Amino acid sequence: MAERAFVEKMKRAGFTGIEIVQRDAFGVDDARLHPLFTADLIEVIRKTVPTDKQHQVATSVVIKAHLATG
Amino acid sequence: MTKDLMHSAELKDLVREAYSSVVSDGDATATRLYAEDELAGVPRSAREFALGVGNHLRYADIQLGETILDIGCGAGIDSIIAAHRTGPAGRVLALDFLPEMLERTASAAAEAGLDNVETIEGDMEAIPLPDDSVDHIISNGVINLSPRKTRTLAECTRVLRPGGRFCVSDFTIDEEDLPPEVLTHPAAWAG
């Protein structure tokens with residue numbers, strides 16, 4: 001999911017004060033440690049994503065928000 | 001019966017299979033994401049199955065006595081750090097849909113000497129908690145696994161008390177940067 005879509009869904013759910021407080025590149029070597037990135041998906045990424053883009057196949061974000069106090 | 005256009009069951013099966021078969025990476029993920037002082041008080045068993053994607057707890061202003069909900073607690077690393085911070089007057093509700101992950105969290109909490117971690121088996125799209133019952137939601141690399149993210153986020157706002165806080169780490173992707181072969185992979189659908 002794209003960051004803007006995540007933020008938009010949070011707004012629609014009723015969150016306020018939404019902030020992305022950290023963004024980090026998540027490269028193919030990081031992805032190897034994550035269960036969702038199966039061996040076959042890693043292989044597809046290595047074959048289809050240009051080498052110079054493989055350091056960031058996703059972004060790890062930290063998102064903060066809160067509910068209104070009512 | 002409503003047709004499941006999201007292929008929700010298939011995606012959940014894929015996630016279940018991926019996480020059920022996970023093997024320890026030693027503590028590579030834990031030491032990449034957390035400082036040594038943050039890991040103090042976290043048993044090795046929880047460190048060795050850390051599956052997160054970031055360190056949101058650096059930004060989560062957890063107060064003593066709060067009720068924290070950890071969505072997708074996994075082997076428990078974030079639940080345990082949060083339990084230390086909220087203290088004995090607070091509690092951590094560690095939610096996961098995989099019983100084997102909940103067993104790991106419960107075991108690690110016991111090993112850490114924490115009695116304020118309560119494991120809950122359930123789905124983040126239908127959180128088995130009452131309305132307005134949680135002060136703070138944390139989660140690490142899990143909400144992206146929900147086939148119905150809008151529903152999951154609505155559940156978060158339902159269980160949070162007014163003024164409640166939400167601090168999560170997760171993946172985002174820029175679809176324009178990834179080729180169709182990656183975007184159409186089943187794992188990418190789950191994410």
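**Fold, cores and local features of chains A and B**

Helix α5 of chain B, residues 77–86, is mostly covered, with eight of its 10 residues buried. Buried here means under 20% relative accessible area, exposed over 50%, and partly exposed in between (1.4 Å probe, protein chains only). Helices (H or I, at least four residues) and strands (E, at least two) are DSSP runs, numbered from the N terminus. The structure is a predicted model: local features need pLDDT of at least 70, side-chain atom pairs count only at pLDDT 80 or more, and totals for chains, interfaces and linings use all residues. Residues are numbered from 1 along each chain as its sequence is written, chains are lettered from A and ligands numbered from 1 in the order in which they are written, and side-chain values use heavy atoms, with hydrogens and water left out.

The buried residues of α5(B) are B:I77, B:D78, B:S79, B:I80, B:I81, B:A82, B:A83 and B:T86. B:S79 has a relative accessible area of 0%. Setting aside residues up to four places away in sequence, B:S79 touches B:D70, B:C73, B:V92, B:A94, B:T105 and B:V117. Contact means heavy atoms within 4.5 Å. Just after the helix, B:G87 takes a positive phi of about 75 degrees. B:D132 also has a positive phi, of about 55 degrees, although it is not a glycine. This residue lies in the loop between β3 (117–121) and β4 of chain B. B:D132 is partly exposed, at a relative accessible area of 42%.

Chain B as a whole holds nine helices and five strands. Their order along the sequence is α-α-α-α-β-α-β-α-β-β-α-β-α-α. A compact globule of 191 residues would have a radius of gyration near 16 Å, and the 16 Å of chain B agrees. The radius is taken over C-alpha atoms, and the globule rule is 2.2 Å times the number of residues to the power 0.38. Buried residues make up 55% of the chain. Of the contacts in chain B between residues at least 6 apart in sequence, 73% join residues at least 24 apart.

Chain A has three helices and two strands, in the order α-β-α-α-β. For its 70 residues, a compact globule would have a radius of gyration near 11 Å, but chain A has 16 Å. Its C-alpha atoms fill a box of roughly 50 × 20 × 20 Å along the principal axes. Buried residues account for 43% of chain A.

Both chains contribute to the largest nonpolar core. A nonpolar core is a set of buried Ala, Val, Leu, Ile, Met, Phe, Trp, Tyr and Cys residues joined through side-chain atoms within 4.5 Å. The largest has 38 residues, of which A:F15, B:L69, B:I137 and B:F166 touch the most other members. At least two residues of this core come from each of α1 (3–13) and β2 (58–66) of chain A, and from each of α1 (8–20), β1 (67–71), β2 (91–96), β4 (134–140), α7 (149–159) and β5 (160–172) of chain B. Leaving aside neighbours within four places in sequence, B:I137 is in contact with B:L69, B:I71, B:C156, B:V159, B:L160, B:R165, B:F166 and B:C167. Apart from this core lies another, of 27 residues, among them B:L33, B:V42, B:I77 and B:I138.
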